[in-house]
Amino acid sequence: MTSMLQDFMPDRAETTLPYFTFGGARGFVAGRGVARPVARGPAETLEERVTTALSSAGADAAIGGALPFDRDADDYLWLTDRLSYEISPATDRAPASTVGVQAEPSAGIYAEAVARALRIMEDETGDERLRKIVLARTLAVQAERSISLPGLLSRLTEDPAATAYQVALPHSPERQGRFLVGATPELLVEKSGSRVSSFPLAGSARRSRDPQADAAAASGLAASEKDRREHAMVVEYILDTLSPYCRELGAPEGTGLTSTRSMWHLGTRLEGVLKETDIPSVVLAGCLHPTPAVCGLPRERAAGLIRDLEPVDRDFYAGAVGWSTANGDGSWYVAIRCAEICGSQARLYAGAGIVPGSDPAAEAAETAAKFEALLRAFGLPSATGIAQ
């Protein structure tokens with residue numbers, strides 16, 4: 001990765017910059033070399049478009065990029081002629097000075113949206129009733145100068161529990177050179193030969209620098225009936241979605257606690273054996289996303305309410321980012337703990353799962369906690385106060 005990342009032009013056929021980058025402190029995988037865009041379209045046509053793109057690709061080719069939150073919206077994928085395995089340079093790590101941060105919506109307005117969602121859950125009955133919805137909010141950041149993507153990505157690698165990523169986004173006359181940059185703790189799907197895995201997270205608690213308070217937060221999350229109920233919805237959904245593709249599928253280790261530097265989560269590692277080994281990992285990702293961890297249940301009902309209750313369009317936030325090699329192997333991650341970067345502007349995203357029993361104020365506080373990793377990478381103080 002070099003400073004040329006800031007000069008990215010999506011319609012160029014050949015460049016020295018990576019079209020997509022994923023990794024952490026131990027190194028990165030990046031799409032490089034000659035590249036061409038995969039025909040854009042919705043999730044319904046993803047398999048056909050990917051198959052067509054790979055049909056004329058070499059053995060070392062890879063497809064990578066981003067799938068949007070809205071399944072009916074167009075994805076943004078690139079077919080590159082090779083993957084590069086490289087070390088992220090520890091250069092340009094000083095964040096750009098920030099001149100303004102604005103919460104959109106504020107914590108108070110967000111809490112009102114949570115309360116409205118809870119009333120909808122209480123009023124509905126039947127099999128199609130709303131069981132869960134994930135509501136997100138954003139922070140709009142204005143820096144003094146263009147934000148260094150290599151520096152931001154390098155700072156995000158400091159948490160070994162997360163996968164740092166950077167993918168190009170479609171540009172428009174108003175927004176040239178857009179990127180989605182983040183550090184996600186959640187693996188949507190990974191494929192290696194006949195083996196497939198997923199590591200869904202749902203149910204969260206903020207970590208503390210005080211060891212006793214941190215241990216109390218972890219034990220409280222582990223014992224929380226509300227959080228375990230929320231987590232079980234996500235696990236059940238992923239098992240049901242992947243089962244038709246697998247001859248074996250299960251959760252050998254059960255549900256347990258996992259953590260990033262700022263959050264505790266309930267997590268369940270799912271592992272399976274595919275019936276057919278040639279299905280691309282990006283196709284599996286397209287079937288799974290968005291999961292109840294970032295959308296809700298029923299999925300279509302929750303997605304419609306999200307459009308009504310959130311004032312800022314999600315675009316590629318809470319979709320999926322990743323890569324798939326020519327033989328179908330690859331890794332796709334849930335696009336959370338991220339920011340859309342465009343020059344000197346950034347929009348940070350964070351969400352929380354709402355189920356019966358959720359507390360609006362507590363959910364607003366959870367989103368503030370989830371901003372922490374990105375705020376640190378931007379050189380900003382704690383979300384307490386800044387995200388109100």
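A charge sits over a ring when NZ of Lys or CZ of Arg is within 6 Å of the ring centre and within 35 degrees of the ring normal. With that in hand, select arginine 269 and phenylalanine 199: the charged end of arginine 269 sits over the phenylalanine 199 ring, 4.5 Å from its centre. Then pick arginine 207 and tryptophan 264, where the charged end of arginine 207 sits over the tryptophan ring, 4.6 Å from its centre.

Some ground rules before moving on. This is a predicted model, with local features needing pLDDT of at least 70 and side-chain atom pairs counting only at pLDDT 80 or more, while totals for chains, interfaces and linings use all residues. Residues are numbered from 1 along each chain as its sequence is written, and side-chain values use heavy atoms, with hydrogens and water left out.

Now the rings. Rings of Phe, Tyr and Trp (its six-membered ring) pair if their centres lie within 6.5 Å; planes under 30 degrees apart count as stacked, over 60 as edge-to-face and the rest as tilted. By this rule there are seven aromatic pairs. Select phenylalanine 22 and tyrosine 333: their ring centres are 6.1 Å apart and their planes at 25 degrees, so the pair is stacked. It links distant parts of the chain, with phenylalanine 22 in strand β2 (residues 20–24) and tyrosine 333 in strand β19 (residues 330–334), 311 residues apart. (Helices, H or I of at least four residues, and strands, E of at least two, are DSSP runs numbered from the N terminus.) Both phenylalanine 22 and tyrosine 333 are buried; buried means under 20% relative accessible area, exposed over 50%, partly exposed in between, with a 1.4 Å probe and protein chains only.

Next, glutamate 230, in helix α5 (residues 225–242). Is glutamate 230 buried or exposed? Its relative accessible area is 5%, so glutamate 230 is buried. Show what surrounds it: leaving aside neighbours within four places in sequence, glutamate 230 is in contact (heavy atoms within 4.5 Å) with Lys132, Ala202, Gly203, Gly353 and Val355.

Last stop: tyrosine 317 and tyrosine 349. Tyrosine 317 counts as buried because its relative accessibility is 4%. Tyrosine 349 is buried too, with a relative accessible area of 4%.
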